[in-house]
Amino acid sequence: MSLDKIVVTVASIAGMGFTYWFFLAKKEKEVQVSGSIDIAVEGGYTPEVISIPKGKSVKLNFLRTDSTVCLEEVVLGDFKIRKYLPLNQKVVIEVTPERSGEFIFTCGMNMYHGKIIVK
Amino acid sequence: MNSDKKTFSIKGMHCASCVAAIEGSLKKVDGVLEATVNLATEKAMVTFDPERVTDERLRSAVSNAGYQALINEEAKTESDEEKEKQKELRDLRIKVIVSLVLGGLILWGSFPGIIKTAPVFLKNFWVQLFLATPVQFWAGFAFYRATISALKHRTANMDTLVAIGTTVAFGYSAFVTVLPQLVIKIGIEPMPYFDTGTIIIGLILLGRYFEARAKAGTSEAIKKLIGLQAKTARVVRDGKEADIPISEVIIGDSIRVRPGEKIPVDGIITDGESSIDESMLTGESMPVDKITGNIVVGATMNKTGTFTFNATKIGSETMLAQIIKLVQEAQGSKAPIQRLADSVSSYFVPVVIMLAFLTFAVWYNFGPSPTLLFALLNTVAVLIIACPCAMGLATPTAIMVGTGKGAEHGILIKDAESLETAHKIKTIIFDKTGTLTKGQPEVTDIIPIGSISRDELLKLAGSIEKGSEHSLAEAIVRAAEAKQFMVSKVEKFQAIPGHGVEGVIDGARVVFGNKRLMDKESIDIGSANKEIGEMENNGKTVMMLGIGNKLVGLIAVADIIKESAKEGLAALQKLGIEVVMITGDNQRTATAIGKTLGITRILAEVLPDQKEAEVRKIQAEGKVVAMVGDGINDAPALAAADVGIAMGSGTDVAIEAADITLINKDLRSIATAIILSKKTMRTIRLNLFWAFGYNVILIPVAMGILYPFFHLLLNPIFASVAMATSSVSVVSNSLLLKRKKFF
């Protein structure tokens, strides 16, 4: 095997490994919420994972500053909420989880994800 | 104390809890006497003491609740969302045109076959670089922006794939143009691929343009419902009529509606009568006649008469507002079938990037010469062809169209899960009273015996029953009153429990009741025995009228079966669904009614609190069970069933208890709802099959899996065509549901 082929092979394997580590092996930081929380919508959701108490109403204040089409809607399927997020305008979504568990929220095309952990 | 009123728009509202939050916050302001918020119009109406309340205090109260009050600002006729969408579409259209025109010119100057016809300057690589740069970095800027912000979150999406793919193509081409001698040195002809990157960007943006337009169509039902809202109401206050904005109507207002006008809010007719077109809410095409005391529903259309009604429900309480809320919730809910797409979507893009690395390494190591070119082009094809959007859109778009289509025809589906479960229903249990029947006993037969006339018989029965409180008596009195008979004076009236009633009319002793009463009075009913038996076998209750010691007539009373029942049940049986009737009636009456309707499985003499257990018994047979009831009395049974179907009545939409609510009260709609569910599920399955199949088949093709066998490779430009059409085709397939006929 010539040197260039070895380099390409090693680089490709490293690229695959990096892709896996970068996108799939990231640790999710959980933010405890009581009352309300601001969620920035830019290239995803910040914070991405929030933890809220069961049976308590929590206001999620989404603010989209990213004009990516995917992000213009936020979907909280388990709470039956699909909401349009106008650019640079705060949208308040109130949820009162009745059962504990993990509930995903996504963009309209299901490409960006966030998580609500109800304890 | 002085009081003033103010109506203003509120931004940021989305549900009933917003209404409560804003109302609560406004009411807390010292000096605010009343605050009503309308979700449908997104407006607040506040009554306040002008000496204590300022605009600023109202604005801050709304702001504290997390919303924005637009006091003294012009209400917008077009929503922000609509405006933003229009602007996005306009920008996208310009980018598509510029990209495709510039890309087309580059293609003309570089694609084998047509290159001969191109002007010389287009074949110049520097000119191509000049033309490709704005496409890559201006039209394609959105891909970069989305990629950079996603990478900050360590996430990736379709934009990441497009950005990497086109950057690779553009970067290589720019390199070849600027430093051709370096490429020649490694034995590759210096040939740029500017056409690939530009056409890919142009076509993907074109796909997005069509997708955005098609997606707007999926939420049309909600827009139509919101558009039904009347803008003004003609209110009669202090004897004066005035047109006021609908947001200023308060409960108890007397509202006049003239022919051809929309009814503004829900209420009860106090004066006048008319024929009203309720098709926009119920899907029922026949206008409904309404008289004083009848309920009218906001957003329906008055056809012929003029009437006045008393407003009973306004703002978020109206039937229209409730329907809008329900449909919005259903459209935001998640169908269980979506779970697979959900779990795949998180891994999809990173896996495609890894496959792109693999493709590059394999083609570079084992591909034909020039290996670098093959490796590059196939890697770009893999990145471009992958389409996670189609998977993300497959289920929700169909759910949105399906639930919207149902709402247009008076079928309100609570959530996506109910819509999904409905197609699996094997058994439907119908509550009899009020569901299969009208729930109000009516006189069905008047049979005079001897010289007495029908009218005279009904008049006598109506007169003597006037003093009775029995529910069957009510039916007879109502029938007599409908004929406007003058009730005769009854003396010595007496109710005999379990038998009937007796009294003296015009000096003659009259008895009216069942067979036991006739036996007690020694009245021979032999001659009428056959008719009595026949009527009882038809599920009717027969009462006999005797004067002196002689039988003079029979009156049968029955709960009338709904006109739509027979057809509705037959439609379900045609779908292969078992129909069961549940009732508290005795076996003989229940069997008779069941026979009329073609129901063979009857659960008779079931007490109301036993219905839930009966539902569970049938579920234990391994069947998916739906329960149809009135939504209020049957709530536990509806909740126990896999799908609870409530027949709505008037403004009282029993949303909470039921998975599906039929506001048109038409039993044929149950079969329609099931067909709608089946067709929606078929659309979802087709969408998912297409979205998954597309990626599962075409990604390996783009990697070059067919090359060893057929020497077949996928040109990245064709990959972009496939990618652009995949999302559009999924959304378009969902929109086809709109055209399907269910009714």
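How many disulfides does the structure hold over all chains? The count is zero, where a disulfide is a pair of cysteine sulfur atoms within 2.5 Å.

## Before you dig in

This is a predicted model, so local features need pLDDT of at least 70 and side-chain atom pairs count only at pLDDT 80 or more, while totals for chains, interfaces and linings use all residues. Residues are numbered from 1 along each chain as its sequence is written, chains are lettered from A and ligands numbered from 1 in the order in which they are written, and side-chain values use heavy atoms, with hydrogens and water left out.

## The cysteines

Take A:Cys107. The closest cysteine sulfur to its own belongs to A:Cys70, and at 5.0 Å that is too far for a bond. A:Cys107 is also buried, with a relative accessible area of 1%; here buried means under 20% relative accessible area, exposed means over 50%, and partly exposed is in between (1.4 Å probe, protein chains only). Over in the other chain, B:Cys387 is buried too, at 0%.

## Salt bridges inside the chains

Searching the whole structure turns up 33 salt bridges over all chains. To count, a side-chain nitrogen of Lys or Arg has to sit within 4 Å of a carboxyl oxygen of Asp or Glu. In chain A, one of them joins A:Arg82 to A:Glu73, at 3.0 Å from N to O. Both ends of that pair are tucked away: A:Arg82 is buried at 18% relative accessibility, and A:Glu73 is buried at 16%.

Chain B has some of its own. B:Arg668 and B:Glu567 meet at 3.4 Å, N to O. (Helices, H or I with at least four residues, and strands, E with at least two, are DSSP runs numbered from the N terminus.) B:Arg668 is partly exposed at 33%, and so is B:Glu567 at 48%.

Then there's B:Lys623 with B:Glu578, at 3.2 Å from N to O. This pair links distant parts of the chain, 45 residues apart: B:Lys623 is in the loop between α24 (611-619) and β24 (625-629), and B:Glu578 is in strand β22 (residues 578-582). B:Lys623 is partly exposed at 26% relative accessible area, as is B:Glu578 at 24%. Elsewhere in chain B, salt bridges link B:Arg234, B:Glu241, B:Asp243 and B:Arg256 into a network.

## Where the chains meet

The size of an interface is often given as the accessible area lost when the parts come together. Chain B and chain A bury about 4600 Å² between them, 55% of it on carbon and sulfur atoms; that buried area is the accessible area (1.4 Å probe) lost on putting the two parts together, summed over both. The contact (heavy atoms within 4.5 Å) takes 55 residues from chain B and 50 residues from chain A.

How many salt bridges are there between chain B and chain A? The count is two. B:Asp415 forms a salt bridge with A:Lys80, with the closest N and O atoms 3.1 Å apart. On the chain B side, α3 (80-108), α6 (141-152), α7 (158-178), α9 (194-218), α12 (319-332), α13 (339-366) and α15 (388-408) each supply at least two residues that touch chain A. Of these, α13(B) gives the most, with 14 residues. By class, this side of chain B has 22 nonpolar, 16 polar and 17 charged residues, where Ala, Val, Leu, Ile, Met, Phe, Trp, Tyr, Cys and Pro count as nonpolar, Asp, Glu, Lys and Arg as charged, and the others, Gly among them, as polar.
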